[in-house]
Amino acid sequence: MTPATNIQDKPNGKAPRETVTITDNRTGKQYEIPITDGTIRAMDLRQIKVNDDDFGMMTYDPALMNTAATRSSITYIDGDKGILRYRGYPIEQLAEQSNYLETAYLILNGELPTPAQYKDWEYRIIHRTFLHENVKVLMQAFRYDAHPMGMFISTVAALSTYYPESSDIHDPENRLKQIIRLIAKTPTIAAFSYRHTRGLLYVYPDNDLSYTGNFLRMLDMMTQSKYEPDPVKTRALDVLFILHADHEQNCGTNAMRAIGSSHVDPYSAMAGAAAALYGPLHGGANEEVLRMLTQIGNIKNVPDFIERVKKGEGRLMGFGHRVYKNYDPRAKIIKRTADEVFKVTGVNPLLEIALELERIALQDEYFVKRKLYPNVDFYSGLIYQAMGFPVTFFPVLFAIPRTVGWLAQWQEMLNDPEQKIARPRQIYTGSAQRDYVPLAAR
Ligand code: CMC
């Protein structure tokens, strides 16, 4: 890191080219701060002081709207242009030509696998899909109507007690073992939570099937002697998994990194990340989209609904994004995938309402001015519903593929020598010191 320089310390006044000069009008002092990759280091501002015993200047950035908290080589997003790439590969190409497990390998390792590497990777994942029997018993203890995402989060956290060696996060081999376990077991946990809410017997994994084929079987298997996963549904789920695999520093990933920065085991950190994903402003939005569409009920109610949103009486769920100020590229692919799925399942009657909402919103000044476009959650729920999943299961369907993103980002954070325990600063706004008054005297 290049140290920041007080310009008054530079008698020849020769400044590096990539710098910004700040004048502190309180003191008249100037500071020249290096710019790297379009950013300045917040720590470089600490030299800006009025007195020697001042703490030094900080930045104030609620919700980290304009703060890069890490360097990352995993996912690239250009929100203005609507671009998403994993390790340099456009999401459109991966959705078209790759599958989830291959994409997961890419996200984790940085390169696409060779055929031998892929075979080994797939084998290692597919053969770790079983859960300890006690985990099953633990899941059975949930109430009959427990939200599957609540079950998912708690069960992921509980896995740390089954794999105590996972707390050795500094050993790369040990880390990989936990990563493989988590990618392998999340569909099983998800499927058990789904069967639980339906009062159905839990179905154990079938290691002869593909990752998504096995998942569908664990969800749908009833009395068939042999279950053949529907190829269109299997592929659609695989595409949805690819699209949800990573999304750089979103709320859940930020939680994964922040919790992981305390060096806790990956199961505990991932439970926290999944909890962040659960919220309606994040991965819970697809559930909210379906509730919203159901509530609108009829295409003729769409204009009224839009007016209410514009008056601030609610949000158009599945629209808007902190980073995308253009059509979310994932939403485009999902819309196409929906057409494929509807050919098999029949069209979701809510599609008509969604299309009308999109049509009106994309030409309405309120949404245009704020650059609000459909995001990944706008159409994904329609596919999930057409495939027969209850709305409460939608966030779980998001969490399964995001597992690899969380773990890749966690690993990158651990390997980054610049990272330390995440510990933001605050501006204290409470009372100044005051003396305690005993209860009787109050
Ligand atoms: N409907 C109506 N108005 C909206 C919406 C929306 N969905 N999203 C943003 N706005 C308005 C907001 O009221 C504000 O208007 P004004 O400037 O007049 O106050 C302006 O647009 C900027 O909004 P913001 O809340 O400052 O934007 P943000 O970057 O903090 O929020 C967001 C991003 C995704 C939380 C938000 O757009 C939202 O709540 N969308 C609906 C929920 C949703 O679909 N979430 C899924 C996100 S994508 C998947 C994921 O990351 O998990």
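A: In this predicted model, the second largest cavity is lined by F130, L131, E133, K136, T188, F192, Y204 and P205. Two elements, α4 (133-140) and α6 (172-197), each give two or more residues to that lining. Sorted by class, the lining of the second largest cavity comprises 5 nonpolar, 1 polar and 2 charged residues. The volume of the second largest cavity is about 30 Å³.

The structure contains 2 cavities of 30 Å³ or more. In the largest cavity there is about 40 Å³ of space. Its lining is formed by G320, H321, Y324, N326, D328, K371, Y373, P374 and N375. By class, the lining of the largest cavity has 3 nonpolar, 4 polar and 2 charged residues.

In soluble globular proteins, nonpolar side chains tend to be buried together. Here, the largest nonpolar core has 117 residues. Those with the most contacts inside this core are W121, F152, F215, M292, L316, L357 and F389. Helix α17 (residues 394-415) supplies the largest share of the core, namely 13 residues.

Leaving aside residues up to four places away in sequence, F215 touches P187, A190, A191, L237, F241, F393, L397 and I400.

Key
Residues are numbered from 1 along each chain as its sequence is written. This is a predicted model: local features need pLDDT of at least 70, side-chain atom pairs count only at pLDDT 80 or more; totals for chains, interfaces and linings use all residues. Side-chain values use heavy atoms; hydrogens and water are left out. A nonpolar core is a set of buried Ala, Val, Leu, Ile, Met, Phe, Trp, Tyr and Cys residues joined through side-chain atoms within 4.5 Å. Buried means under 20% relative accessible area, exposed over 50%, partly exposed in between (1.4 Å probe, protein chains only). Helices (H or I, at least four residues) and strands (E, at least two) are DSSP runs, numbered from the N terminus. Contact means heavy atoms within 4.5 Å. On a 1 Å grid over the protein atoms alone, a cavity is a set of points where a 1.4 Å probe fits but cannot get out, and a pocket is an open set with protein on both sides within 12 Å along at least five of seven lines; lining residues have an atom within 4 Å of a point. Grid points are joined across faces, edges and corners, and a volume is the space filled by probe spheres set on the points. Ala, Val, Leu, Ile, Met, Phe, Trp, Tyr, Cys and Pro count as nonpolar, Asp, Glu, Lys and Arg as charged, and the others, Gly among them, as polar.
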